[in-house]
Amino acid sequence: MKRWKTAVLLLALLLCACGGPQTAPDTLDTSAPAEPSAETEVPALSWDDLAWDEHLELAYAQSFAVDYAQDGFARITIDNIVHLLVPEGAEPPADTPEDVVVLRQPLRNIYLQATAAMDCFRQLDAIDAVTLSGTQAEGWYIPEARQAIEDGRMIYAGKYSAPDYELIVSRGCDLALESTMIYHNPEVKEQLERLGIPVLVERSSYESHPLGRMEWIKLYGVLLDREDEAEAYFDRQIGQLAPVLEQENTGKTVAFFSVTSNGSVTVRKSGDYIAKAIDLAGGVYVFPDLAAEENALSTMNIQMETFYDTAKDADVLIYNSTIEADLETIDQLIAKSAPLADFKAVRSGDVWCTGKSMFQESQSVGEMILDIHAILAGEDAGKLTYLYRLR
């Protein structure tokens with residue numbers, strides 16, 4: 001019995017020790033919690049409070065800029081249009097100017113009309129962020145985009161001039177990513193904005209430097225919160241190109257062209273990125289003085305006689321088949337225009353053709369430069385990515 005009483009006493013002591021000091025019921029504080037002091041309230045952030053003191057470093061791109069402020073806010077400027085990227089869980093300042101386009105992270109339901117941007121999503125493993133496409137499955141040459149539509153993870157929502165507004169709204173679209181074609185139908189842009197869908201107009205095609213087009217992947221890294229991945233990808237591409245960019249020019253001349261249905265020839269202007277890519281690859285573009293005219297197009301049409309006089313003795317011909325069916329033989333090329341049979345490159349067999357996916361895959365510029373360099377250097381043509389020799 002004594003041992004039992006002792007055990008009970010020890011148990012009681014242990015319970016008291018574990019529970020800590022007890023407060024008598026009549027001494028409990030039942031008053032309401034004190035209201036927070038006005039001095040401790042955090043004032044709402046204003047637009048002028050955002051200090052844009054950090055900037056995304058760009059080596060080649062000139063058509064966009066990104067500045068960073070505190071608390072994860074980013075300011076994206078494209079063609080003088082300012083976009084405010086608001087981090088997840090935050091709110092834009094109440095006094096944000098009305099002409100600022102507000103984008104809220106995370107961006108998970110994007111309506112993509114700018115086909116050139118899709119390759120950036122692919123390289124960042126973010127195609128699933130695009131749930132609405134302005135291109136049908138058969139129009140995609142990027143296999144991952146086509147597969148996403150076929151699997152139902154991405155839905156066709158109408159072309160840029162006639163989007164399916166009801167579908168776009170029902171899917172909770174948080175960004176319409178448009179090409180500059182939207183400016184031909186400004187009422188579409190206005191309607192999307194009235195529906196509360198922010199619009200960002202993609203302008204990578206306006207970069208004159210080939211590597212500037214590639215550097216737009218950094219912008220998508222910012223939008224998708226994958227900046228490190230975008231930076232790493234771009235650095236890898238530049239690293240692969242470095243040995244080629246450091247070599248002396250071969251002096252070999254190159255013509256890049258296509259023949260229209262009426263027999264004229266479409267060529268790239270001398271300031272275009274294709275012309276500059278030929279130079280970076282170690283070649284000489286045969287039209288060094290085709291300056292931009294009154295329009296912003298990167299191409300222009302000339303008569304076959306003019307093309308003949310300038311490009312007849314070019315060392316290499318590259319035919320752009322991205323619009324029409326791919327060519328397979330030199331005879332098919334000559335069938336488009338008989339005078340081509342007299343060209344030096346046709347007689348030597350130095351005629352090459354682009355694949356259809358080259359321009360849709362905007363990040364292909366680096367590989368294209370490597371392809372052109374391989375052709376000029378006489379390297380193994382079997383290792384080319386976007387160009388192939390006509391038989």
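Start by selecting Glu54 and Tyr68: Glu54 sits opposite Tyr68, which belongs to strand β2. This is a predicted model, where local features need pLDDT of at least 70, side-chain atom pairs count only at pLDDT 80 or more, and totals for chains, interfaces and linings use all residues. Residues are numbered from 1 along each chain as its sequence is written, and side-chain values use heavy atoms, leaving out hydrogens and water.

Now colour β1 and β2 (residues 64–68), which run antiparallel and share two bridges. Strands here are DSSP runs of E with at least two residues, helices are runs of H or I with at least four, and both are numbered from the N terminus. Two strands pair if DSSP finds at least two bridges between them.

Zoom out to the open, mixed sheet of five strands, ordered β1-β2-β3-β4-β5. β1 (54–55) and β5 (101–104) are at the edges with a single partner strand each, so one side of each has no neighbour in the sheet.

Next stop: helix α5, residues 186–194, where Val188, Lys189 and Leu192 are buried (under 20% relative accessible area, with a 1.4 Å probe and protein chains only). Their cover includes α4 (165–170), β9 (175–178) and β10 (199–201). Just after α5, click Gly196, which has a positive phi of about 85°.

Last, pick Val365 in helix α13 (residues 365–377). Val365 counts as buried because its relative accessibility is 2%. Leaving aside residues up to four places away in sequence, Val365 touches Pro210, Arg213, Met214 and Tyr273 (contact means heavy atoms within 4.5 Å).

Terms used: Buried < 20%, exposed > 50% of the residue type's maximum accessible area, 1.4 Å probe, protein only.
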